[in-house]
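Here is a quick walk through one model, for anyone meeting it for the first time. Have a look at the structure, and then we'll go through a few of its parts.

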Amino acid sequence: MSKPIDQASILILASDGFEFSELTEPRDTLIEKGARVTVAAPGLEPIAGESGGEIKGRIQPNTTLDKPEAADFDALLLPGGQRNPDNLRIEEDAIRLIKDFADQGKPIAAICHAPWLLVEADLLRGKTATSWPSLRTDLRNAGANVVDREVAVDGNIITSRNPDDIPAFTQALIDAVENVGEAVPA
């Protein structure tokens, strides 16, 4: 069921090592457009965002991974960063949430290294996807049709390559929320 972005609720999953711009820029754009955004992390202590391997800033999570339910949100955003998705893919609650969003047909947007989480949740088989170059073999091995473009949208799965793609990535997420249930080309 589609809805205007200013009536939408978006969940972001993150942990230490997230790519700072891949969380903050989409979050800020979504908030500016009126969406309610919740950040869930393994704990409630501030999590460190990085850029170029250096800490760029910290974000205070709103809740822990075990609290949110996919039914309470309209979309899921997964920022990259090398360590962030690697940390989250061993968190049972993170993978449960990702699978729940998929089961409910809600948009799931993963950028840079975050498609590792989609591999872990077994959501890429037969899907067109993109990612940071070093993950592309993992995506192929998980059954994805891998492309190299700023954003790949296949059904409810949205993927992008890197921070340069954030504007297109964020717009694809907004479009998906506002057009849930409509056919979206790969």
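Let's begin with a pair: Val-153 stands opposite Ile-158, which belongs to strand 12. Before going further, note that this is a predicted model, where local features need pLDDT of at least 70 and side-chain atom pairs count only at pLDDT 80 or more, while totals for chains, interfaces and linings use all residues. Numbering starts from 1 along each chain as its sequence is written, and side-chain values use heavy atoms, with hydrogens and water left out.

Strands (E, at least two residues) and helices (H or I, at least four) are DSSP runs, numbered from the N terminus. Two strands pair if DSSP finds at least two bridges between them. Here are two such pairs:

| Strands | Sense | Bridges |
|---|---|---|
| strand 11 (residues 151–154) and strand 12 (residues 157–160) | antiparallel | 4 bridges |
| strand 4 (residues 47–51) and strand 5 (54–59) | antiparallel | 5 bridges |

In strand 11, Val-151 and Val-153 point one way and Ala-152 and Asp-154 the other, yet all are buried (under 20% relative accessible area with a 1.4 Å probe, protein chains only; exposed is over 50%, and partly exposed is in between). The hairpin of strands 11 and 12 leaves 2 residues between the strands, and Gly-155 there has a positive phi near 65°.

Ile-158 also turns up in the largest nonpolar core, which has 31 residues; Ile-158 is one of those with the most contacts inside it. Such a core is a set of buried Ala, Val, Leu, Ile, Met, Phe, Trp, Tyr and Cys residues joined through side-chain atoms within 4.5 Å. Helix 6 provides the largest share of this core, 8 residues. Apart from it lies another core of 29 residues, including Leu-97 and Ile-98.

Those two residues take us to helix 3 (residues 92–103), where the buried residues are Ala-94, Ile-95, Leu-97, Ile-98 and Phe-101. Down the helix axis they fall within an arc of 160°, so they line one face of helix 3; the arc is that of the directions from the axis to the C-beta atoms. The face turned away from the buried side carries the exposed residues Glu-92 and Asp-103. After helix 3 comes Gly-105, with a positive phi near 70°.

Finally, there's an open sheet of 3 strands, in the order 2-4-5 with mixed pairing. Its edge strands are strand 2 (18–19) and strand 5, each pairing on one side only.
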